[in-house]
Structures are given as C-alpha cells and as structure tokens.
Amino acid sequence: MASSTQHHFEVSWNGRGLVLKATAVSGLLLLSGCSLLSHKHEKPVIPKAADAETLYNYGIDALHSGRYELAGGEFELLQQNYPYSGFTGNAELMEGYAYYLQGEYALSVQQLERYLQLHPTSPDAAYAFYLRALCYYEQIADVQRDQQGTVEALDALEEVITRFPQTAYARDAQLKIDLCRDHLAGKEMLVGRWYQQQRNYEAAMTRYQRVVQDFQTTNHVAEALERLVEVYLALGLKDQARQTASVLGYNYPDSQWYRYAYTNLRDNKLLSSEFKQPTKTSSKPRGFFSRAWHSVF
C-alpha cells in the first residue's frame with residue numbers, strides 16, 4: 001500500500017564517504033552506518049495501544065541512537081498491527097535498513113526485495129536497490145575463496161546504475177563496481193599463478209588471457225601480460241612471447257612487469273630494436289591497450 005506520509009532519502013558526501021539522510025515526520029535524522037552497540041536481545045517496550053505514527057517515530061529514534069535490533073522490532077510491530085497504514089511502506093524499508101546495520105545481510109535483502117515487490121514505483125526505490133547491492137558488496141570474500149558473492153554484488157550494483165543512472169547511488173555504485181572487477185581479476189591471477197606453478201601452462205594461459213581481455217581497467221593487466229610471456233616461453237611459443245611483451249612494453253613501459261619480460265626475452269635471445277630498455281620509474285599506461293592487445297591475436 002502506498003504511503004501517504006513519505007520518508008525520502010538523500011545522499012551527500014562528507015569528505016569520507018556516503019552519508020544517508022532520512023526525512024521523517026519527526027524531523028531530519030542522520031542515519032549513519034557507524035558501528036554502535038545494537039543492544040542485542042533488547043525487545044521493544046511499546047504500549048499495545050500505540051498508533052502507527054508513534055511506532056514509526058520510536059523506530060526512527062532507535063535507529064538514530066544505534067539500537068538497531070530494537071528499531072527493527074518496532075518497524076515489524078507497526079507492520080503487524082497496522083498493515084494498511086500510511087507508515088507501513090516506510091516501515092518495511094526501514095526494517096531492511098535496520099537489518100543491514102546489524103550485519104544481517106540475508107534478512108536485509110529479503111526485506112528489501114519484499115519492499116520493492118510491494119512498492120516498485122516508490123520514490124525510495126533507488127535507495128532500496130542501492131542498499132540491496134550494499135548487502136551483497138559487504139559479503140565479498142577474500143580472493144582465496146569462492147567469488148560467487150563478488151559476481152552477485154557486481155550484478156546488483158550494475159542494476160542500480162541501469163535503473164537510476166543520474167543518481168548519487170549510481171555514482172557510488174560505479175566506484176564499487178571497479179573494486180569488484182579488480183577483485184575478480186585478482187582471483188583469476190591467483191588461479192593462473194597456481195596453474196603455472198603446476199606447469200599446467202594451457203590452463204594458466206586461459207586465466208591470464210581472461211584478465212587481459214575482460215578486466216582491462218584493473219591493476220592486474222600488466223602482470224597478466226608478463227605471466228603470459230613466461231607461459232609462451234615455457235611452451236616454446238616465441239613469436240607470441242615477443243608480441244605480448246611488445247604490448248606490455250607499449251602500455252606499461254616503466255612497470256616492473258615490463259622489466260621482467262624484457263629480461264626474459266634477453267635471456268632467450270629474443271630482443272630486437274623494437275624493445276626499449278625499461279627504466280626504473282613508474283608511469284601510467286598509455287590508454288592504447290585494447291587496440292594493441294587485439295592486434296596480437
């Protein structure tokens with residue numbers, strides 16, 4: 001049921017990150033994501049005769065004071081006692097937010113998806129999608145572990161950008177997408193290095209090529225190119241090794257990875273005049289990468 005009393009969200013930057021502001025009937029409240037005591041096992045002590053507005057304001061006050069479990073209970077109580085109230089939709093959304101602040105991400109996603117099903121055209125839908133994406137993002141595992149969670153976070157963040165491209169939510173989502181992609185590329189490199197150590201060069205080559213082709217904007221591309229040079233040399237593919245080293249030298253001429261590749265070519269007597277001796281300083285890639293790489297294959 002659409003809420004007659006709106007509870008809108010705004011996002012601004014405070015110099016360190018995103019700040020969420022919520023405007024409710026009780027006034028402007030700052031709902032920050034800082035970690036405070038959640039008073040676990042604390043149950044709402046609300047008179048059964050409390051009306052929907054009172055329950056809602058109690059929930060907002062509990063969020064403001066960091067009593068997230070209590071806040072969630074109050075929002076849930078409102079929904080149970082007043083399912084057709086104008087405050088119910090807002091309470092559904094804020095319950096999802098309370099779960100997020102507690103680190104109960106699965107419950108938060110479940111609640112937010114329920115809210116979006118019931119209120120697909122709500123003015124707060126953008127925030128609901130963004131918060132849902134954050135729930136996945138907060139669960140990203142270390143590169144040593146399975147990265148299905150990173151893929152889910154990436155998909156959810158991209159949905160925010162697709163649906164709400166001109167919002168602050170989309171701008172923040174893009175930053176997190178870049179981190180997700182870098183994380184996935186790091187996983188590919190980890191697996192590729194393991195295959196290379198096992199001398200399973202074909203499998204290693206597949207992993208490194210994926211980084212180069214699918215994650216071109218990440219920080220792992222230079223290493224992936226250098227590892228490919230090593231793999232090609234191990235397989236006796238001298239032309240491919242020289243071509244890949246050429247791409248590496250053009251795009252990352254002052255990186256440590258080009259120095260390694262240059263040394264490998266020199267040791268294998270594969271250097272020619274096109275290969276400039278690397279320097280010891282670092283620089284940014286030239287932005288030519290995509291064309292240079294695809295010209296090799």
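Reply: The side chains of Q196 and E230 are joined by a polar contact of 2.7 Å; a polar contact is a pair of N or O atoms within 3.5 Å, where within protein one must be able to donate a hydrogen and the other to accept it, and residues adjacent in sequence count only if both atoms are side-chain atoms. The side chain of Q196 also makes a polar contact with the side chain of Y208, at 2.7 Å. The model is predicted: local features need pLDDT of at least 70 and side-chain atom pairs count only at pLDDT 80 or more, while totals for chains, interfaces and linings use all residues. Residues are numbered from 1 along each chain as its sequence is written, and side-chain values use heavy atoms, with hydrogens and water left out.

Q196 lies in helix α7; helices (H or I, at least four residues) and strands (E, at least two) are DSSP runs, numbered from the N terminus. With a relative accessibility of 14%, Q196 counts as buried, since buried means under 20% relative accessible area, exposed over 50% and partly exposed in between (1.4 Å probe, protein chains only). Not counting residues up to four places away in sequence, Q196 touches Y201, A204, Y208, R227, E230 and V231; contact means heavy atoms within 4.5 Å.

Helix α6 (residues 148-163) has 16 residues, which should span 22 Å at 1.5 Å a residue, and its end C-alpha atoms are 23 Å apart, which agrees. The expected span is 1.5 Å times one less than the number of residues.

The rings come next. The structure holds 10 aromatic pairs; rings of Phe, Tyr and Trp (its six-membered ring) pair if their centres lie within 6.5 Å, and planes under 30 degrees apart count as stacked, over 60 as edge-to-face and the rest as tilted. One of them is the tilted pair of Y56 and F87, 5.5 Å centre to centre with 45° between the planes. Y56 lies in helix α1 (residues 52-64) and F87 in the loop between α2 (68-81) and α3 (88-102), so this pair ties together parts that are 31 residues apart in sequence. Both Y56 and F87 are buried. Another pair, Y97 and Y127, is edge-to-face, at 6.2 Å centre to centre and 70° between the planes. Because Y97 lies in helix α3 and Y127 in helix α5 (residues 125-137), this pair ties together parts that are 30 residues apart in sequence. Ring pairs link Y97, Y127, Y130 and Y169 into a cluster.

Finally, the largest nonpolar core has 78 residues, and those with the most contacts inside it are Y56, L63, F75, Y97, Y100 and L248. A nonpolar core is a set of buried Ala, Val, Leu, Ile, Met, Phe, Trp, Tyr and Cys residues joined through side-chain atoms within 4.5 Å. Helix α5 gives the most to this core, with 12 residues.
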